[in-house]
Amino acid sequence: MHCEGAVLGPTNKLNLTIAAVLSLVCVSAIMLHYHDQFWWPVDEGVYAYVAQRANAGDIIHRDIIDLHSGYGNALNAWAFRMFGEDLLSLRYPLVLIAFLQSCIAFVLLKDKGAVTAFVGAVALAAFSFVQFPNPSANWHALGVFFCLCLCLEKLPKGAPGRLLLAGFLVGVCFFTRQLSGVILGLGLACVLLAEAEKSWSNARLSSVLIGGVSTLGLLLYVASKQSLFGIFWAGLWPMSIMVVASLRARVSVGEAIKTLGAVLAGFILAGLPLAILAFSHDALMFWLNDVMFTSLLMNGRDFIHEQSYLFIVFGAVQAVLAPSGGVAFVSGLAWLSLVLSVPLLGAYASLKYFRDRALPPSVILAVFWVVGGLHYQIPAYFYFVLPAGLFGLLMLRSTPAMLAILTAVSCWALVFQAGQPLERSYRSLIEGERAAANVPANLPRVSLRVQAEDAALYRDLIETIEATARPSEPLMTVPMEPQINFMTGRESPVRYYFTLFGLRVEQDVFDTLTSLDAEAPLFVVHRRGDKYSTPLAEQLLDEIKVRSEQPMSFGTLDLYRYHGPHVPSSSAVAK
């Protein structure tokens with residue numbers, strides 16, 4: 001198997017053409033089968049409700065609080081306008097992004113041989129959004145990551161517009177998902193420092209300053225995750241490459257300013273349309289507040305710090321050493337290989353950079369990108385960074401053994417993990433136990449295939465709401481169930497869909513009650529035991545209970561009929 005670059009002859013061109021066609025067929029088959037599988041209702045609801053309200057004329061951030069900074073919401077709103085107001089419509093941009101990633105991987109890997117390009121393209125599809133089918137901004141940002149890889153690999157150093165385009169892509173990423181944009185920006189800084197070693201003057205102060213600030217920022221982020229395992233899993237490697245790159249680089253002050261200026265100009269250019277749009281609707285300060293501060297409200301939650309990918313490692317080792325069957329044994333090996341691929345990428349890239357004094361830009365970006373998986377160490381966030389990590393490994397080393405392992409693990413992932421519900425226990429997930437087949441949801445604005453019991457629960461809940469609620473009646477959820485707002489087409493009576501965003505001081509509780517009183521009677525949905533609940537949300541719920549009829553329960557969801565201070569003595573909605 002030919003895995004190294006070579007001058008393309010007729011045979012090689014034919015092989016690449018065949019590989020490209022086969023890649024397209026395989027990626028298409030994966031997308032066709034999995035694009036409408038599964039849902040994670042609350043997350044789906046967040047993106048769908050915001051897009052729904054935007055298309056209805058609400059100004060995001062002014063009329064509705066949201067932590068995302070713009071382009072993801074714009075893409076979702078566009079999808080609704082193009083394909084209809086349905087959760088399925090939000091999957092089509094994900095399909096396009098998955099195709100884009102696979103195409104970029106093929107282009108960047110083709111010099112290593114047709115087989116490598118084929119395996120890389122198909123593997124990226126296998127580990128794309130189909131592993132967590134959800135219109136998350138993480139998937140949108142991942143597409144930008146691959147675009148930046150293409151930019152830095154194919155545009156030579158010094159090419160006109162290279163730095164401007166790179167800065168623009170980092171800006172698009174940031175204004176899609178802020179944390180992803182910051183991490184991608186740090187990766188870009190490291191790439192430019194690594195390139196400066198051979199191309200710039202013999203000054204060192206500028207490079208040390210840039211590298212030092214970048215390393216400090218990365219260190220603070222990694223330390224904030226409070227995970228010793230996370231440091232060695234992903235955090236150590238980009239910091240080590242950054243430190244070495246900044247010490248080796250030779251950057252004059254003038255060249256540093258020129259470079260930073262070009263990158264910053266591209267970044268500003270990316271955010272300018274959003275800023276102008278917000279300003280034109282008197283929403284600039286709301287937009288800036290949400291972009292810079294609302295997004296930080298998700299940090300520091302106890303349940304986030306309690307999770308660790310080490311749990312997957314322990315479970316996988318147990319599945320291998322004491323398997324409950326052949327599938328469990330294979331699944332344990334697959335999970336071990338996937339989780340350990342991240343530190344393998346970091347360690348191998350660091351060693352190669354120390355030894356050879358050079359790394360492909362896309363490998364450096366991949367080493368940085370996987371650090372984003374430390375934000376919340378659960379399988380979903382692992383899926384968000386895994387495609388970049390696997391691509392980085394192939395860019396570094398595409399041996400026959402590596403290709404065989406990646407092919408086998410990709411097939412396993414499609415059979416035992418893709419489109420499967422997250423409600424499975426860690427043991428079931430790690431051992432590859434498949435849930436019952438998904439069925440058509442048959443829910444308003446939901447043309448997806450989901451678990452039958454999940455669909456039945458929401459069907460009963462929505463029928464109960466629609467049987468009593470007035471046509472234009474709003475709907476409140478605590479702490480957040482925006483998927484119900486979306487499916488019923490009912491607006492929240494307050495600016496927020498998530499109590500964590502809207503209840504920041506005690507006065508906010510009373511302001512919310514005033515808004516509810518003005519719209520009463522209306523339904524309030526509450527999920528018992530929700531990990532996102534806060535003391536202020538509980539205080540609001542206590543007030544709602546004394547102003548409502550006895551709730552009706554649907555699984556873990558309680559449905560209250562809120563009447564305000566004067567509750568009728570009879571209960572139209574009995575428990």
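This is a predicted model: local features need pLDDT of at least 70, side-chain atom pairs count only at pLDDT 80 or more; totals for chains, interfaces and linings use all residues.
Residues are numbered from 1 along each chain as its sequence is written, and side-chain values use heavy atoms, with hydrogens and water left out. In brief, the protein has 24 helices and six strands, with 57% of its 575 residues counting as buried.

**Overall build**

- The protein holds 24 helices and six strands; these are DSSP runs numbered from the N terminus, with helices being H or I of at least four residues and strands being E of at least two.
- The radius of gyration is 25 Å, close to the 25 Å that the globule rule gives for 575 residues, so the protein is as compact as a globular protein of that length. The radius is taken over C-alpha atoms, and the rule is 2.2 Å times the number of residues to the power 0.38.
- Along the principal axes, the C-alpha atoms fill a box of roughly 80 × 60 × 45 Å.
- Of the 575 residues, 57% count as buried (buried is under 20% relative accessible area, exposed is over 50%, and partly exposed is in between, using a 1.4 Å probe and protein chains only).
- Among contacts between residues at least 6 apart in sequence, 75% join residues at least 24 apart; a contact means heavy atoms within 4.5 Å.
- The accessible surface comes to about 23200 Å², and 66% of that belongs to carbon and sulfur atoms. Such areas come from the Shrake-Rupley method with a 1.4 Å probe, and for residues only the protein chains shown count as cover.

**The second largest pocket**

- The second largest pocket has a volume of about 450 Å³. On a 1 Å grid over the protein atoms alone, a pocket is an open set of points with protein on both sides within 12 Å along at least five of seven lines, while a cavity is a set where a 1.4 Å probe fits but cannot get out; lining residues have an atom within 4 Å of a point.
- Grid points are joined across faces, edges and corners, and a volume is the space filled by probe spheres set on the points.
- The pocket is lined by 21 residues, of which Ala54, Ile60, Gly70, Ala74 and Leu277 lie nearest its centre.
- Helix 2 (41-55), helix 3 (71-83) and helix 11 (253-280) each supply at least two lining residues, and helix 3 gives the most, with five.
- The lining divides into 12 nonpolar, seven polar and two charged residues. Here Ala, Val, Leu, Ile, Met, Phe, Trp, Tyr, Cys and Pro count as nonpolar, Asp, Glu, Lys and Arg as charged, and the others, Gly among them, as polar.

**Closed cavities**

- There are six cavities of 30 Å³ or more.
- About 80 Å³ of space lies in the largest cavity, and its lining includes Asn138, Arg177, Trp369 and Tyr381.
- Helix 8 (178-199) and helix 17 (379-396) are the elements that give two or more residues to that lining.
- By class, the lining of the largest cavity has six nonpolar, four polar and one charged residues.

- Most residues other than glycine have a negative phi, and most peptide bonds are trans.
- A cis peptide bond joins valine 478 and proline 479, with omega about -10 degrees; proline 479 is in the loop between strand 3 (475-478) and helix 21 (482-488).
- Another cis peptide bond joins alanine 520 and proline 521, with omega about 0 degrees; proline 521 is in the loop between helix 23 (506-519) and strand 4 (522-527).
- Glutamine 226 isn't a glycine, yet has a positive phi of about 55 degrees. Glutamine 226 lies in the loop between helix 9 (205-224) and helix 10 (228-248), and counts as exposed at 58% relative accessibility.
- Aspartate 282 also isn't a glycine and has a positive phi of about 55 degrees. Aspartate 282 sits in the loop between helix 11 and helix 12 (284-292) and is exposed, with a relative accessible area of 64%.

**Two residues to look up**

- Leucine 345 is in helix 15 (residues 326-356) and counts as buried at 1% relative accessibility.
- Leaving out residues up to four places away in sequence, leucine 345 touches Val363, Ala366, Val367, Gly389, Gly392, Leu393 and Leu396.
- Phenylalanine 510 is in helix 23 and counts as partly exposed at 39% relative accessibility.
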